[in-house]
Amino acid sequence: MTNETRAQGADKPALIVGVLLLAVAFLVGYDASQQTITSTYGIGPTAMPYVVACGLVVLGLAHFVTAFRGGLPKPDAADSQALLWIAGGLVCLIGCIGLGGGFVIAIALLFACTSRGMGRQALAVDLAIGFVLGLAIYLTFAKLLTLILPSGPLERLFL
Amino acid sequence: MDTLLSLLHGFTVALEPSKLLFCLIGVFLGTAVGVLPGIGPALTVALLLPVTFKLDPGGSLIMFAGIYYGGMYGGSTTAILLNAPGESASLATALEGSKMAKAGRGGPALATSAIGSFVAGLIATIGLAFLAPWLVEVAVKFGPWDYFALMIVAFVTVSATFGDSPLRGLTSLFLGIALGLIGIDKLTGQARLTFGVPELLNGVEVTTLAVGLFAVGEAFYVASKRFRDPEEIIPIKGSLWMTKEDWKRSWAPWLRGTAFGFPIGALPAGGAEVPTFLSYSTEKKLCKYPDEFGKGAIEGVAGPEAANNASAAGTLVPLLTLGLPTSATAAIMLAGFQQYGLNPGPLLFAEKPDLVWGLIASLFIANVMLVILNLPLIGLWVRLLAIPQPWLYAGILVFATMGTLAVNGSPVELTMLFAFGFIGYLMRRYDYPVAPMVVGLILGPMAEAQLRRALQISLGDPMILLQNPISATLLGIAFLALVAPFVMKGLNRFKASED
């Protein structure tokens, strides 16, 4: 067993984090190198990005070292279906707001999808609950706190 | 004497009926949200920030104080009854508290934590009131180099010293600082890391990051392992009230906890977990019934809970006098201040004494309200814990997105919330602390501004940082704190998990 893990060598998650950190460092550094405005005295807006990029490079390399020395803590297996439902709910929300569907419908979708992801099997009921919840929040915000939440066709009926 | 006068004046501000109402709403909402499992004070404040958006600064800051204390109290209720500490500072409370609840002594456990929090909060707030003006005098003399050095200390202590792994803490911090670079550079107008997306020109909102990492990330995390650890509420049996014996065993731990909590919280040394664990181990040593520890000793709840609350008031000292947040909660409170165009620091005491002293006075009032509100309402809070988990987390996500939508409802902002949520999930999964990222986002740009100001004054000579005694000392401390964990590997560090 121990031989096998040795032979496999590196801890994959740690390697991936290391690569990602190097990628972010490159992005930050590249963006700084493309900047046009410089400061006449003191240090300019590019100095800090370069410092951060260097720090990220060091941390990325440190992750490579970690990968060969035990790696990151090993997590339990994740329930990917649950994650997909919640992610789906958030995508529905973003889409609904982006396309002008309004707050209430977006919240209803998010509420129903999240409940489904957390293990409830009553999508229609949860849609209804989310709808009522969204409507209540919308009216409270609009009337009491005079904060305007995104409106769609449905919200315009109430205002 | 000046302090007393200012404080009295603060009370006249905070005792207006409308302010009292705000404070009451804050305490109520804070406890209600804080009691939900998985939600600590930082998230409570972040979620409720939009609610205070349209109020006047004075009123909403007072509501804030209530939310902050309410969230802390709610967190310890969850820790005791669910054995699910919402934040690392409640870990010690959960150790003995849940054992007490299992033994049918949940009522006294909640009572000693409520009264202990009250005592600690009261003493620590007095400490805050007297320490703050003194520190303001010192802070007025601080140059930009000193501020820069202080922020470096905060960076190091928040991310490296107290976590499980300095590497993961620093990674989290640097990602936060990188996020802080996004937007228009304030000194030159140069756009950085915006990639032509106009919504990014204003930078990343602290609340979006915090709510994404804490709330959305937590929802993902809980969903991903929902079949593994079902949480059970331990019903409260027997009397709610503490017996004479309980009182006798509680008062000294309260005071000792406060003595640990306030000074450590006031130092820019990050976090309440150190004083809570110090208090826990001290009580264990001093207790007359050491064999009760691990089976539900009331000292083990009274001490850490007092330490926790005292250190929360302690973190307000650097926040109000220096504008320096040393915990995730303080970072979000700073974002709240900035939302109203207020910059905490020595100037705020001079320019807006009403506001600062009103806030300090309302901390006293919030404390009193908490005790009055919470002892009779424990039954209500316990019922909140019984909301089915799917609805609970669906509701949390609704509140999280609602906050973002109310402040800035663009799809770009929502997409960021989603992305931060997923990052928060991955960080939880691989045990990266999330608080340093939030602190990095808010302190990064501040540190950069101070450094550039310092170097402008010195005409570009970086030695100015080492030539001033204060900044040189602080940088030395930061260096030691950074290197120490690597040098003394294997040294027992406090295990700290995240909000």
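Chain A gives 53 residues to the contact with chain B, and chain B gives 48 residues. Two residues count as in contact if their C-beta atoms, placed from the backbone, lie within 7 Å. On the side of chain A that touches chain B, 37 residues are nonpolar, 12 polar and 4 charged. Here Ala, Val, Leu, Ile, Met, Phe, Trp, Tyr, Cys and Pro are nonpolar, Asp, Glu, Lys and Arg charged, and the others, Gly among them, polar.

This is a predicted model, where local features need pLDDT of at least 70, side-chain atom pairs count only at pLDDT 80 or more, and totals for chains, interfaces and linings use all residues. Residues are numbered from 1 along each chain as its sequence is written, while chains are lettered from A and ligands numbered from 1 in the order in which they are written.

The model scores ipTM 0.89 and pTM 0.85. Chain B has a mean pLDDT (the predictor's confidence in each residue, from 0 to 100) of 82. In chain B, 91% of residues reach 70 or more.

Helices are DSSP runs (H or I, at least four residues), numbered from the N terminus. Over residues 490-499 of chain B, pLDDT is below 50. That stretch still has 25 contacts in the model beyond near neighbours in sequence.

Within chain B, helix 5 (residues 91-102) packs on helix 12 (residues 299-322) at an angle of about 150°. Their axes are 8 Å apart. Axes are lines fitted to C-alpha atoms over the stretch in contact, with angles from 0 to 180 degrees between N-to-C directions. Residues of helix 5 of chain B at this contact include B:Leu95 and B:Met100; helix 12 of chain B brings, among others, B:Val301 and B:Pro304. By class, the contact has 5 nonpolar, 3 polar and 2 charged residues.

Definitions and conventions: Helix = DSSP H or I, 4+ residues; strand = E, 2+ residues; numbered from the N terminus.
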